[in-house]
Amino acid sequence: MALAIRLSRAGAKKRPFYRIVVAERRMPRDGRFIERVGSYNPMLAKDHAERVVLNNDRITHWLSKGAKPTDRVARFLAQIGLAPERKIPEQNKKNQPRPKTIEKQQEKAEKKKAAAEAVAASQAENTQTVGDDSAPEAAAESAAETAAETTSEAAGDDSAPEAAAETTSEDPAENAPETEEKAGADREETGT
């Protein structure tokens with residue numbers, strides 16, 4: 001007769017409670033058993049004293065008679081020192097990626113590395129360009145041209161870019177007094 005020390009489920013739906021029993025291997029999980037040797041309540045905290053309750057004397061008796069614990073019960077017995085800890089068998093290679101997948105992953109990593117190097121090089125180049133004196137002037141000219149183009153498109157006037165380019169100079173202080181003088185002349189004419 002092959003004996004097993006195993007869990008037998010009791011409790012309500014979604015509220016499990018297990019009895020640790022000695023039973024014949026052929027019997028159903030929750031069926032007939034020979035002796036109850038403990039209990040396991042997974043609803044309690046892991047450090048709670050009543051989570052796993054074992055009758056050590058009876059378990060050692062049944063182990064001497066040839067009863068084999070299941071994996072879960074063997075863990076409980078290993079925790080209290082009644083049985084050696086079960087070794088986890090070495091896994092086969094089915095869960096490992098295949099050679100083609102490894103090659104694809106390496107290619108992706110190389111592409112990311114190359115892209116990161118390109119970004120770093122362009123940032124270094126931009127910092128060197130900012131150090132030049134001609135860069136701010138070129139940026140100001142391009143900003144003035146784009147502003148003039150947008151105003152001419154909004155007005156629908158082709159002559160506006162030329163007029164905007166003429167009024168725009170390198171020094172904004174030169175343009176400011178002219179506009180103030182014109183505004184003052186307009187006020188004098190209206191009498192305000």
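Reply: Happy to! Let's start at Val37, which touches Ile5, Ile20, Val21, Val22, Val53, Leu54, Asn55, Arg58, Ile59 and Trp62, leaving aside residues up to four places away in sequence. Touching, or contact, here means heavy atoms within 4.5 Å.

A word on the source: this is a predicted model, where local features need pLDDT of at least 70, side-chain atom pairs count only at pLDDT 80 or more, and totals for chains, interfaces and linings use all residues. Residues are numbered from 1 along each chain as its sequence is written, and side-chain values use heavy atoms, with hydrogens and water left out.

Val37 also belongs to the largest nonpolar core, which has 16 residues; Ile5, Leu7, Ile20, Val37 and Trp62 have the most contacts inside it. Such a core is a set of buried Ala, Val, Leu, Ile, Met, Phe, Trp, Tyr and Cys residues joined through side-chain atoms within 4.5 Å, and buried means under 20% relative accessible area, with a 1.4 Å probe and protein chains only. Two or more residues of this core come from each of strand S1 (3–12), strand S2 (15–24), strand S3 (35–40), helix H1 (56–64) and helix H2 (71–80). These elements are DSSP runs numbered from the N terminus: helices are H or I with at least four residues, strands E with at least two.

Stepping back to the whole chain, you'll find 6 helices and 5 strands, in the order β-β-β-β-α-β-α-α-α-α-α from the N terminus on. Of its 192 residues, 17% count as buried. Among contacts with a separation of 6 or more, 28% link residues 24 or more positions apart.

Conventions. Buried means under 20% relative accessible area, exposed over 50%, partly exposed in between (1.4 Å probe, protein chains only).
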